[in-house]
Amino acid sequence: MTATSSFAGRAMGSPLRLQVTGVPVEGTARPESLWQEAVDEFAAVDAALSCYRPDSDLSRLNGTAGSGMWRPASRRLYAFLATAERARRVTKGQFDPRVLPDLARLGHPGLVVPMASASRAGTPRREEVGWLDREPRTRSVRIRSAADSGGLGKGLALRWAGRHVAARLAGRGALLEAGGDITGWGRAPDGQPWQIGIEDPGGATDPLAVISLSNGAVCTSSIARQRWIAPDGRAVHHLVDPRTGEPGGEGLQAVTVGSDDPAWAEVWSKALFLEGPQRIGEVARRLGLAAWWIEADGTLRMTPAARQRTTWTR
Amino acid sequence: MATTEPRRPLHLLWLVGLSASIYAVNLALVAELQAAGDSQVADQQATSQAALDLLQAGDARLAGQVQQAATALQATNAGYGQAAQTLANLEKQLASLGKSAGALRALPALPAVSSGSVKAPAVHTTTGASGAKP
């Protein structure tokens, strides 16, 4: 059993934790330094991509949505927009950042949504393309619809913070997590791969399954926490189907996806959730994804790729 | 004075009569012989016709059988063609199955999964709800 340094705080509205195994040798970064880099990266991403702060780069850009104005974008904002558009295309619209007005219409608390965008909530947008214009040379952008950073913002924060940490680990193991999104490297203190429990959305203490993680990421999209009552009295959740503008994935409680990259794990967990219990297995298997999903009755199912990484099930 | 009666050529009449008789007898003999020959030939012809009729009937039966055999051969050929195509498809499927089996054998063994009554192992963290919160 090797020594472990653990750090905990909060970032982007979620708990942020870092575990680093082993003792730093001369010339390598101390765990405190790795933690500080992670905290700084999350703070920078929050300043760039938060939809809860009116002064974030994304909120300011959303204020220009549909105006035809070109705006310079920060490095992180530009990367977010490019990744979000690519995710929209790759998932054939199952992931779409333009659900921000719908979330506001459904009464999601705290979101900063420009009035012009809010008035367009609920309008079909699946066939609409070209919501984003980019000019890579000058890193300028122009958007026609307000965008929600949501889970992808956190996935990108984990990706970028993780790169800082991984570059200076020097063979040590580390686990960085932000509210259910996890990325890990190397081995746990006991020399084995990191063991990650998939939470029971029903609230039981024991996880539903335990999975191994050595170098990669695991993200979960769940409706266990972010649920509220909409202005029209309906119980709704935060995973909005871009095709309907309404909460989707009925019949599922949570979807976990394992990937090399936390941002794409976030994208696929949300996109697969919206497939619903009838189609999620077929889609995830066809794409070769490692995916675990929990149905409304608490049944845990997984793809063959996920089975490879599973070490225990209830 | 003696009158001499002119001499009648009786011998000629005799000869003519004899010749006619001989001719008549010969003619009757020849006619009889020809009638007998004709009757024999007719008998033989009737026998040959019957045999010929039998042969023709046999030939017609054989032609029908040959036609049936040709039709059966054609059907057999078509069936064989179909069977060959089916066999080729089966061989393709078998080759594909062989590839799949090879790929399956090449897969790494699945790790053991404990479940059921075994208590949950210690975990380093858990993954659950994600998404930013206000």
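How are H1(A) and H3(A) oriented to each other? The points below begin with that pair.

1. This is a predicted model, in which local features need pLDDT of at least 70 and side-chain atom pairs count only at pLDDT 80 or more, while totals for chains, interfaces and linings use all residues. Residues are numbered from 1 along each chain as its sequence is written, and chains are lettered from A and ligands numbered from 1 in the order in which they are written.

2. In chain A, helix H1 (residues 31–49) packs against helix H3 (residues 75–90) at an angle of about 70 degrees, and their axes are 9 Å apart. H1(A) and H3(A) are therefore roughly perpendicular to each other (65 to 115 degrees counts as such). Helices are DSSP runs of H or I with at least four residues, and strands are runs of E with at least two, numbered from the N terminus. Axes are lines fitted to C-alpha atoms, for helices over the stretch in contact, and angles run from 0 to 180 degrees between N-to-C directions.

3. From H1(A), A:Ala44, A:Val45, A:Ala48 and A:Leu49 meet A:Arg76, A:Leu77 and A:Phe80 of H3(A). By class, this helix contact has six nonpolar, no polar and one charged residues (Ala, Val, Leu, Ile, Met, Phe, Trp, Tyr, Cys and Pro count as nonpolar, Asp, Glu, Lys and Arg as charged, and the others, Gly among them, as polar).

4. Chain A is divided into domain 1 (51–148) and domain 2 (193–314), with bounds from an automatic or database domain assignment. Their C-alpha centres lie 24 Å apart. In the contact, 19 residues of domain 1 of chain A face 14 residues of domain 2 of chain A (C-beta atoms, placed from the backbone, within 7 Å). On the domain 1 side, H3 and helix H4 (100–105) of chain A each supply at least two residues.

5. The contact between the chains takes 45 residues from chain A and 20 from chain B. On the chain B side, these divide into ten nonpolar, nine polar and one charged.

6. Strand E8 (residues 194–198) of chain A runs parallel to strand E1 (residues 125–127) of chain B, joined by three bridges; strands pair if DSSP finds at least two bridges between them. Here A:Ile198 stands opposite B:Thr127.

7. An open sheet of mixed pairing has four strands in the order E18(A)-E9(A)-E8(A)-E1(B). Its edge strands are E18 (310–313) of chain A and E1 of chain B.

Notes: Parallel < 35°, antiparallel > 145°, perpendicular 65-115°, else oblique. Contact = placed C-beta atoms within 7 Å.
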